[in-house]
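Here's a quick briefing to read alongside the model.

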Amino acid sequence: MTEEHIQLLHSLQEKISRLKGMYEAEKAKNKALADAFNKQKNELMYDHKLLLELQTKHDNLVTVGLLSTNDEERKKAKQRLTKMVREIDKCLALLNQ
């Protein structure tokens, strides 16, 4: 082999090494993103389950008339529940992006 071929071979080996490094870095980023996604998905599922439980409890309390004693308290309770539903909807929207 000539000196030119040897230099070309070294250049090619360096480029392959760089590509391998870039691939490994992207692979690590991808794994980190997948782990973060799964964590957020699990948190969202937990929050959704909690929301369903709270909605069931709310419905039960409304049914037996124990939720509140006057209109003002009823409005405040409804606002709190509405806010919770909005938060869950935001989480769902973020997960679906």
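E87 counts as partly exposed because its relative accessibility is 39%, where partly exposed sits between buried (under 20% relative accessible area) and exposed (over 50%), using a 1.4 Å probe and protein chains only. The side chain of E87 meets that of K90 in a salt bridge, 3.7 Å from N to O; the term means a side-chain nitrogen of Lys or Arg within 4 Å of a carboxyl oxygen of Asp or Glu.

A word on ground rules: this is a predicted model, so local features need pLDDT of at least 70 and side-chain atom pairs count only at pLDDT 80 or more, while totals for chains, interfaces and linings use all residues. Residues are numbered from 1 along each chain as its sequence is written, and side-chain values use heavy atoms, with hydrogens and water left out.

**Salt bridges**

- The whole structure has three salt bridges.
- K90 and E87 are three residues apart in helix 2, so about one helical turn separates them.
- E26 pairs up with K29, with the closest N and O atoms 3.5 Å apart.
- Both E26 and K29 sit in helix 1, three residues apart, which is about one turn of the helix.
- E26 is partly exposed, at 46% relative accessibility.
- K31 bridges to D35, and here the closest N and O atoms are 3.1 Å apart.
- With 52% relative accessibility K31 counts as exposed, whereas D35 is partly exposed at 41%.

**Overall shape**

- The protein chain has two helices and zero strands; these are DSSP runs numbered from the N terminus, with helices being H or I of at least four residues and strands being E of at least two.
- The radius of gyration of the protein chain is 28 Å, well over the 13 Å that the globule rule gives for 97 residues, so the chain is more spread out than a compact globule.
- That radius is taken over C-alpha atoms, and the globule rule is 2.2 Å times the number of residues to the power 0.38.
- Along the principal axes, the C-alpha atoms of the protein chain fill a box of roughly 95 × 20 × 15 Å.

**Surface**

- Of the 97 residues in the protein chain, 5% count as buried.
- The accessible surface of the chain comes to about 8800 Å², with 59% of it belonging to carbon and sulfur atoms; areas come from the Shrake-Rupley method with a 1.4 Å probe.
- K78 counts as exposed, at 60% relative accessibility.

**Largest pocket**

- About 160 Å³ of space lies in the largest pocket. A pocket here is an open set of points on a 1 Å grid where a 1.4 Å probe fits, with protein on both sides within 12 Å along at least five of seven lines, and lining residues have an atom within 4 Å of a point.
- Its lining is made up of F37, Q40, E43, L44, D47, C91, L94, L95 and Q97.
- Helix 1 (3-64) and helix 2 (71-95) are the elements that give two or more residues to this lining.
- Helix 1 gives the most, with five residues.

Conventions: Grid points are joined across faces, edges and corners, and a volume is the space filled by probe spheres set on the points.
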